[in-house]
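Please read the following report beside the sequence and the coordinates.

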Amino acid sequence: MRLIPNTGSDRVIDALRAPGSPTPLTVDLATPELSVFAFDELRPLLSSAVGARLLLPGTESHDLAFLGSDDDRHNRNRLTSRAIARNLAKWLTERAEIRRVKGALPQSYLGVAAESDVGTSIITGSVPFTTSGLGLTPGNTHALIQAATEPAERAMYGA
């Protein structure tokens, strides 16, 4: 297991964009927030996914932060939110199976794997699917983000 500080060149997005990503791949995601800007940053990876499973909070009053946080103002100022949201909706419709849980999700899980394998990249902890969760905008400096590095760890999380 390796800790990811989510700063500099050791960010979640760097771990996901690492060379050698399998194709075709599947994506598993459990997150309390789902930002269109995080989707846009990972669109090349997610577009190659043959399938995805998303687990989202089930409370109707829960804000998924589709347009990010205050730190995403520069993304909103580009005036591309509507087009990105349309692409996200299309991707969710075509490739994703979405489930909702009762209540809120206390932490996140992001797993990327070859179609017939257990997780190749598995990241858990305080890593919501937002630009701050990916390490692109400032986030909680006390957050704990872990990457499973050993095959046994990846098999355990992948199950």
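## Basis and confidence

This is a predicted model, in which local features need pLDDT of at least 70 and side-chain atom pairs count only at pLDDT 80 or more, while totals for chains, interfaces and linings use all residues. Residues are numbered from 1 along each chain as its sequence is written, and side-chain values use heavy atoms, with hydrogens and water left out.

The chain has a mean pLDDT (the predictor's confidence in each residue, from 0 to 100) of 87, and 91% of its residues reach 70 or more.

In strand 2 (residues 25–30), 5 of the 6 residues are buried, that is, under 20% relative accessible area with a 1.4 Å probe and protein chains only. Pairing, which requires at least two DSSP bridges between two strands, joins strand 2 to strand 3 (residues 49–57) in the parallel sense over 6 bridges, with leucine 29 opposite leucine 54. Strand 2 also pairs with strand 5 (residues 108–114), in the antiparallel sense over 6 bridges, and there threonine 26 has alanine 113 as its bridge partner.

Technical notes:
Buried < 20%, exposed > 50% of the residue type's maximum accessible area, 1.4 Å probe, protein only. Helix = DSSP H or I, 4+ residues; strand = E, 2+ residues; numbered from the N terminus.
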